[in-house]
Amino acid sequence: SSSVTSKLDSRAALNTAFINLYRARLIREKKHGETTMCELFAYKKGDRKVGIAFERSGKYTLKQLNAIIQTLYELDVRLKPSAVDKRLVIEEQIGKVARLVSERI
């Protein structure tokens, strides 16, 4: 159904956004810029996602981003075909992500 597809698209977009932030933060810490990110991860030069990631990545620590990505991975694993209450799992894991976003770890 389109609702299931929409939820999958939302999770994929969230995963991708935090992975982009992690990559940008890592590259910033190594004193490199957007060009390096494009070269290392095959983004097109001038890709807006890269610019956004660089703008926002300074708000997070690598440890924080790693914890968020791990939480999103756990969400994916827990939502694989099983008898769990998917809504409850999503609410729990997104709540955890929200706490991680607001913390400085």
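A polar contact is a pair of N or O atoms within 3.5 Å, where within protein one must be able to donate a hydrogen and the other to accept it, and residues adjacent in sequence count only if both atoms are side-chain atoms. The model is predicted, so that local features need pLDDT of at least 70 and side-chain atom pairs count only at pLDDT 80 or more, while totals for chains, interfaces and linings use all residues. Residues are numbered from 1 along each chain as its sequence is written, and side-chain values use heavy atoms, with hydrogens and water left out.

A polar atom of the Arg25 side chain lies 3.3 Å from the backbone oxygen of Tyr60. Arg25 belongs to helix α1 (residues 2-29), helices being DSSP runs of H or I with at least four residues, numbered from the N terminus. Arg25 is buried, with a relative accessible area of 15% (buried means under 20%, with a 1.4 Å probe and protein chains only). Leaving aside neighbours within four places in sequence, Arg25 is in contact (heavy atoms within 4.5 Å) with Ser57, Gly58, Tyr60, Leu62 and Leu65.

| Pair | Angle | Axis separation |
|---|---|---|
| α4 (residues 62-79) and α5 (residues 86-102) | about 180° | 9 Å |
| α2 (residues 34-41) and α3 (residues 48-57) | about 125° | 10 Å |

Axes are lines fitted to C-alpha atoms, for helices over the stretch in contact, and angles run from 0 to 180 degrees between N-to-C directions. The angle makes α4 roughly antiparallel to α5 (over 145 degrees).

Terms used. Helices (H or I, at least four residues) and strands (E, at least two) are DSSP runs, numbered from the N terminus. Angles under 35 degrees count as roughly parallel, over 145 as roughly antiparallel, 65 to 115 as roughly perpendicular and the rest as oblique. Buried means under 20% relative accessible area, exposed over 50%, partly exposed in between (1.4 Å probe, protein chains only).
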